[in-house]
Every structure is written in C-alpha cells, then in structure tokens.
Amino acid sequence: MSQLPESAIRFLKQLKKNNNRDWFEKNKLAFKEEEAKLKIFYSNVLDDLTKIDNIDKMKIFRIYRDVRFSKDKTPYNIHRSVSFSRATEKLRGGYYLRIEPGKSMVAGGFFQPNSKDLLRIRKEFETDASEARRIFNDDNFVKLFGNIEGDEVKSAPRGFDKTHPSIDLIRKKSFIVTRNFTDSEVLASDFKDEIIESYGALRPFFDYMSDILTTDLNGISVLKNE
C-alpha cells in the first residue's frame, strides 16, 4: 500500500473522542483492519528507505498507553507511530513517523544522548562546528525541517565558554528535527515520497553525527571491533 486510506485518519479521530476501553473493544475489528493497512504502508516506507540507508529494524509502537505513572489515564494512544533504526554500531540516528489527525510528522535526530555522547558532541562543536552549520543551513534541509530543536541549558554547560561562537549548538541537550503534515498531505498519493525525501535530507546529519560518536577528537575510532 503506497497511499494511506482516509479511514486511517477517521479511526484515530473517533478514538480521540472515545478513548475508553468499552468503545475500543466494540471497535476492535476496525482497529485491526486499520492497523493492517498501516503496517503495509510502513513496510513500503521501509522498502524505500533501505534504498537510501542501511536499516536494521522497524519498530511499530503499541497503541496501548502505559498509564502507571501518568496523570492522563486514557488507555490508548491517539496516534500511530513507527521508527526505523540504522544498522551497525557505526550508524547512529533513527527515523520516526507519526500519523495523528492534525499532528502527523516525520522526525529524526538524537534525543537526550547519554552524558558521554553529549559531551563528545559538544566538544566537536567547540572545536569546529562548520560542518554542522553547513548541514543545518542547507537550503533543502531548512525548507523541510526549519531549525534544529531540543532542550538546552540556559547559559553554558559546565566547562564551556558562554561566549563561544557556537554556544547556540553547545548548550543543546537534544538535536531533533521535525516536519509536520496536514491530514490532506498525509492522505495524498505522494505522502510516502515526501517521507522518503525527508529521510534523505536527514542522512547527511546522521552520517556527520555518526562520525563524531564513533571517533575521538583526533578522529581515531572508539569502536571495539576496529
């Protein structure tokens, strides 16, 4: 399936209005039908993505919410999401797709990297951020995603100069980009192509960050198998 049916959006809209177990159980068959269509669509996205990157696996997120530690006790996610992980320890970064009425998006990047990886990224930006800026300022990258998003410290991380020319990058704690889609765009015949175009624009960013996270500041590999 190369195009999502209108019923995929319609079911999620109905679920948002009726986010309870009784309604869901009564509409379980409809859910399974829509889920089957989405899985075919996701698989087609995966097939195209493997033509432009080395992908290890696809993960479809569950519709059931974990409400144990949440104030929001509604039992179901009102979106359907999937991620695609890059293969081997040399390739960092992951591609994400969310289908949600009025809030569909593709996204990717590095969400809250561990302290060791974050320090390595910051040290790279401190040394030379020119390659990062070339990627982030690329016309097509900006057209599709806008600016790099992510939480950041207010001033400067410990050990870094708050007046450094790249402090805008150094202070970040995550490095995420998103591209939003309207419902009509999601249901259009070229939606899958737009997803793949977005992922293709992310590839240089992922490759750059992969180089950083698999080497030290001297460019020597830190991977155990090398």
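Some ground rules: residues count from 1 along each chain as its sequence is written, and side-chain values use heavy atoms, with hydrogens and water left out. Since we're on a prediction, local features need pLDDT of at least 70 and side-chain atom pairs count only at pLDDT 80 or more, while totals for chains, interfaces and linings use all residues.

**Exercise 1.** Work out the strand order of the sheet and find which strands are at its edges.

Solution. Take strands as DSSP E runs of at least two residues, numbered from the N terminus, and call two strands paired if DSSP finds at least two bridges between them. That gives an open, antiparallel sheet of five strands, ordered S1-S2-S3-S4-S5. Strand S1 (55-60) and strand S5 (175-181) each pair on one side only, so they're the edges by the two-bridge rule. Now zoom in on S4 (residues 104-110): seven bridges tie S4 to S5, and Gly-109 stands opposite Ile-176 in S5.

**Exercise 2.** Classify the ring pair Phe-141 and Phe-145, then decide whether each residue is buried or exposed.

Solution. Rings of Phe, Tyr and Trp (its six-membered ring) pair if their centres lie within 6.5 Å; planes under 30 degrees apart are stacked, over 60 edge-to-face, the rest tilted. Here the centres are 5.3 Å apart with 55° between the planes: tilted. Next, buried means under 20% relative accessible area and exposed over 50%, with partly exposed in between (1.4 Å probe, protein chains only). Phe-141 comes in at 2%, so buried; Phe-145, at 5%, is buried too.

**Exercise 3.** Find which cluster Phe-141 belongs to.

Solution. Follow the ring pairs: they link Phe-141 into a cluster whose members include Phe-84, Tyr-95, Phe-145 and Tyr-199.

Technical notes. Helices (H or I, at least four residues) and strands (E, at least two) are DSSP runs, numbered from the N terminus.
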